Amino acid sequence: MVDSARLSLHVPEPAVRPGGQPDFSNVKIAKAGSVPRPEVDVASEDIRDLAYSIIRVLNRDGEAVGPWAGSLSDEELLTGLRNMMKLRAFDARMLMAQRQGKTSFYMQHLGEEAVSCAFRKALIKGDMNFPTYRQAGLLIADDYPMVEMMNQIYSNESDPLRGRQLPIMYSSKEHGFFTISGNLATQYVQAVGWAMASAIKNDSRIAAAWIGDGSTAESDFHSALVFASTYKAPVILNIVNNQWAISTFQGIARGGSGTFAARGLGFGIPALRVDGNDYLAVHAVARWAAERARRNLGPTLIEYVTYRVGAHSTSDDPSAYRPKTESEAWPLGDPVLRLKKHLIVKGAWSEERHVQAEAEIMDEVIEAQRQAEAHGTLHAGGRPSVRDIFEGVYAEMPPHIRRQRQKAGY
């Protein structure tokens, strides 16, 4: 019998632990404007390189360069900047409210604002997002009322979901925001199914699936790619790679694929990586993928390379698993500051106007918070009413419940 070495299990390790020097040398960043923009009907095998590069529009001087530039006007860029600033201010107030005991739970978007705010502007009314808990920018950028979001966060008497969801798991059919699934990755399958149904009905609407880097390890992610590829579903498959799952670095879920975008290649799905902190690049890539879907050319997988600056949630302490200064070392910068610099370079913005806008936006957020906090508590008496229990549950109210409601004076 031949002697053999004992086996050992490989467990990926992050490059740096708490107390160490942050290191992002593994993030290979392409020069802004250097990645080509293919035709939307390109075959996936002809753009394999785009799954390993990073599409960037804004260079270090704040200029928009390359073939992906030019998709937005100055007015649209200013709207995008204000939307990101609004999301950041909203986060700051709601995080403070959670610390004050006004709500049980909150998850912020700090550092990732460009991903959802820019993406939303590439969609049209009727399209449907199947988001995770870190895409509130999809609502902010579509002018969903902040007070409605806060009503749900506070679970007050005006909570649009009547206490049936976690504080930050919003839902709005009108704004193309499917109710968030707490079971991570299940929304990916739902998005592909919704897109397939749209195609079956010969509709014109497309879907967008959202997932974080950590959740791509779930089987639902891979099942969704199988169906999207097989049936050429009109869906955009978004992966937000913010470097960290709840407490594990992205290498655990990525495995040996090299990049998350590369996962799409094995399914024959065109896959791209984009600088998730570059508002212009995110919008340009999202619009490219949306056009593919609308032309019945099938799915596109997009990996947004970004960084989660804050904690995973208010229940998380990132200092337990990563260096405290890591966010400062992130090489792709701050999405708000980068777009601000670009607009100043173009002469469409200034430091003074930015300071003024920050104050105006914060006032708007505080006013929405004041209105939300003026509402009473949902089920203030400690017991839900008949209406609370059955409203929104049945397509048609059962006769005996209708009689009870009439008897109760509803």
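Is F227 buried, partly exposed or exposed? In this predicted model, F227 has a relative accessibility of 43% and is therefore classed as partly exposed. The ring of F227 is paired with that of Y231: the two centres are separated by 6.0 Å and the planes meet at 25 degrees, so the arrangement is stacked. Y231 has a relative accessibility of 52% and therefore counts as exposed, the threshold for that class being over 50%.

The structure contains 12 aromatic pairs. A pair of aromatic rings is described by the distance of the centres and the angle of the planes. For F24 and Y307, the ring centres lie 5.9 Å apart and the planes stand at 90 degrees, so this pair is edge-to-face. F24 belongs to the segment before helix 1 (74–99), whereas Y307 belongs to the loop between strand 5 (300–305) and helix 9 (326–329); the pair therefore ties together parts that are 283 residues apart in sequence. F24 has a relative accessible area of 14% and is buried, and Y307 is likewise buried, with a relative accessible area of 1%. Together with W330, F24 and Y307 form one aromatic cluster.

An unreviewed UniProt entry carries the annotation "domain: 2-oxoisovalerate dehydrogenase E1 alpha subunit N-terminal" for residues 6–44. In the model, this span is 0% helix and 0% strand, and its end C-alpha atoms lie 41 Å apart. With regard to ring contacts involving charge, R37 lies over the face of W68, at 5.4 Å from the ring centre.

When residues up to four places away in sequence are not counted, Y279 touches L72, L77, G80, M84, A114, C117, A118, K121 and L339.

The strands were examined next. Strand 1 (residues 128–130) and strand 2 run parallel and are joined by 3 bridges; in this pairing, F130 has A209 of strand 2 as its bridge partner. Strand 2 (residues 207–212) is mostly covered, since 5 of its 6 residues are buried. Strand 2 in turn pairs with strand 3 in the parallel sense, over 6 bridges, and A208 has I236 of strand 3 as its bridge partner. Strand 3 also pairs with strand 5 in the parallel sense, again over 6 bridges, with I236 standing opposite T300 of strand 5. Strand 4 (residues 271–275) is joined to strand 5 by 5 bridges, and these two strands run parallel; the bridge partner of V274 in strand 5 is Y304.

Why is strand 5 described as largely enclosed by the rest of the structure? The description holds because 6 of the 6 residues of strand 5 are buried. T300, I302 and Y304 point one way from the strand, L301, E303 and V305 point the other way, and all are buried.

Helix 11 (residues 351–373) contains V365. The relative accessibility of V365 is 0%, so this residue counts as buried. Leaving aside neighbours within four places in sequence, V365 is in contact with K86, A89, F90, R93, M146 and M150. V365 and L87 are 278 residues apart in sequence, yet their C-alpha atoms are 9.3 Å apart in space.

Backbone geometry was considered for two residues other than glycine with positive phi. Phi of R162 is near 55 degrees, and R162 is found in the loop between helix 4 (146–154) and helix 5 (186–200). Phi of Q243 is near 80 degrees; Q243 is found in the loop between strand 3 (235–241) and helix 7 (251–254). The relative accessible area of Q243 is 6%, so Q243 is buried.

Notes: Residues are numbered from 1 along each chain as its sequence is written. This is a predicted model: local features need pLDDT of at least 70, side-chain atom pairs count only at pLDDT 80 or more; totals for chains, interfaces and linings use all residues. Side-chain values use heavy atoms; hydrogens and water are left out. UniProt positions are given in the numbering used here, feature names are shortened, and annotations may be inferred rather than shown by experiment. Helices (H or I, at least four residues) and strands (E, at least two) are DSSP runs, numbered from the N terminus. Buried means under 20% relative accessible area, exposed over 50%, partly exposed in between (1.4 Å probe, protein chains only). Contact means heavy atoms within 4.5 Å. Rings of Phe, Tyr and Trp (its six-membered ring) pair if their centres lie within 6.5 Å; planes under 30 degrees apart count as stacked, over 60 as edge-to-face and the rest as tilted. A charge sits over a ring if NZ of Lys or CZ of Arg is within 6 Å of the ring centre and within 35 degrees of the ring normal. Two strands pair if DSSP finds at least two bridges between them.
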